[in-house]
Amino acid sequence: MNVIDLKTPRTVAAGRGWTWIVDGFRLFRGNALVWVVLTIALAALWLAAILIPVIGLPVFDLLLPLFYAGLMIGCRAVENGDELEIGHLFAGFQKHASALVTIGGVYLIGNVIIEGIAHASGADMLINTLLTQQASDIATMSDTVRSASIALIIGLAIYLPIMMLFYFSPLLVVFDNVPAVPAMKSSFVACCRNWQPFLVFGVVAAVLWFIALLPFFLGLLVLFPVLICANYAGYKDIYGKAMERRD
């Protein structure tokens with residue numbers, strides 16, 4: 001397979017952000033039960049990582065691109081008319097693992113920086129302060145909220161480019177044999193060039209996320225895999241031929 005021209009990811013119309021979600025739902029609905037099981041399995045791995053002191057979450061962040069790549073391989077299987085399997089969650093471990101771990105290392109470093117900023121600013125103490133301070137201690141709560149807001153803005157300013165590096169890079173690695181660093185660069189360029197459809201995608205996803213939270217968070221079992229499949233649809237749209245309609 002030829003390596004993609006990293007300099008020229010396509011720029012698509014703003015409305016394509018909505019189309020990605022629609023296409024994501026199409027990939028989801030034919031294998032809904034398996035997608036839900038995959039979502040629960042990934043959530044269980046995350047919860048297990050939380051329970052392992054010190055190294056649990058860092059290891060999960062490091063391996064996240066491998067799990068994510070496996071889900072993308074699952075999306076391609078569904079698109080090609082093949083069966084989606086639970087084993088797809090681990091398909092990223094079978095090929096290009098070192099490149100995917102490199103991407104995971106960048107993601108991990110970014111998260112460590114963000115957590116350091118949150119800790120240094122005292123933002124991680126916000127909830128505790130709001131719960132323990134007396135209602136009359138307005139000044140203390142105001143200072144805490146202000147510090148947390150500044151930390152949040154700085155954290156988002158760091159997290160957004162990290163996500164731009166991460167968003168398409170596992171797909172470029174597993175589908176196009178692109179090395180880790182060029183894949184991350186290409187993903188970043190693709191996100192910059194397509195900020196309008198990503199803005200539409202983000203707004204729609206935020207609304208759907210709010211709706212999904214209402215029925216005891218159960219809607220996330222549908223929304224999460226739909227957004228994963230939408231990631232694949234966006235990759236196809238920007239880097240190749242958009243997904244065909246099969247209705």
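What share of the contacts in the protein with a separation of 6 or more comes from residues 24 or more positions apart? I looked this up and found 74%, where contact means heavy atoms within 4.5 Å.

**Entry: the model.** I note that this is a predicted model, with residues numbered from 1 along each chain as its sequence is written. Local features need pLDDT of at least 70 and side-chain atom pairs count only at pLDDT 80 or more, while totals for chains, interfaces and linings use all residues; side-chain values use heavy atoms, with hydrogens and water left out.

**Entry: confidence.** I looked up pLDDT, the predictor's confidence in each residue, from 0 to 100. The protein averages 85, and 80% of the residues score at least 70. Over residues 1-5 the pLDDT stays under 50, and for them the model has eleven contacts beyond four places in sequence.

**Entry: elements.** I found ten helices and zero strands. Both are DSSP runs numbered from the N terminus (helices: H or I, at least four residues; strands: E, at least two). Of the 247 residues, 42% count as buried; buried means under 20% relative accessible area, exposed over 50%, and partly exposed in between (1.4 Å probe, protein chains only).

**Entry: the core.** I searched for nonpolar cores, that is, sets of buried Ala, Val, Leu, Ile, Met, Phe, Trp, Tyr and Cys residues joined through side-chain atoms within 4.5 Å. The largest has 60 residues, and Met 72 and Phe 168 have the most contacts inside it. Helix H10 (residues 220-239) gives the most to this core, twelve residues. In soluble globular proteins, nonpolar side chains tend to be buried together.

I then examined H10 itself and found 17 of its 20 residues buried. Its end C-alpha atoms are 28 Å apart, which agrees with the 28 Å that its 20 residues should span at 1.5 Å a residue; the expected span is 1.5 Å times one less than the number of residues.

Which residues does Phe 168 contact, leaving aside its neighbours within four places in sequence? I list Ser 187, Ala 190, Cys 191, Phe 198, Asn 231, Gly 234, Tyr 235, Ile 238 and Tyr 239.

**Entry: aromatic rings.** I found 17 aromatic pairs in the whole structure. Rings of Phe, Tyr and Trp (its six-membered ring) pair if their centres lie within 6.5 Å; planes under 30 degrees apart count as stacked, over 60 as edge-to-face and the rest as tilted. Tyr 167 and Phe 198 are edge-to-face, because their ring centres are 5.2 Å apart and their planes are at 85°. This pair links distant parts of the chain, with Tyr 167 in helix H6 (residues 138-167) and Phe 198 in helix H9 (residues 195-213), 31 residues apart. Tyr 167 is buried at 14% relative accessible area, and Phe 198 is buried at 18%.

One aromatic cluster includes Tyr 167, Phe 168, Phe 175 and Phe 198. The charged end of Arg 76 sits over the ring of Phe 175, 3.9 Å from its centre; this requires NZ of Lys or CZ of Arg within 6 Å of the ring centre and within 35 degrees of the ring normal.

**Entry: positive phi.** Most residues other than glycine have a negative phi. I found a positive phi near 60° at His 96, in the loop between helix H3 (56-79) and helix H4 (97-121). His 96 is partly exposed, at 24% relative accessibility. Asn 177 also has a positive phi, of about 60°, and lies in the loop between helix H7 (169-176) and helix H8 (180-193).
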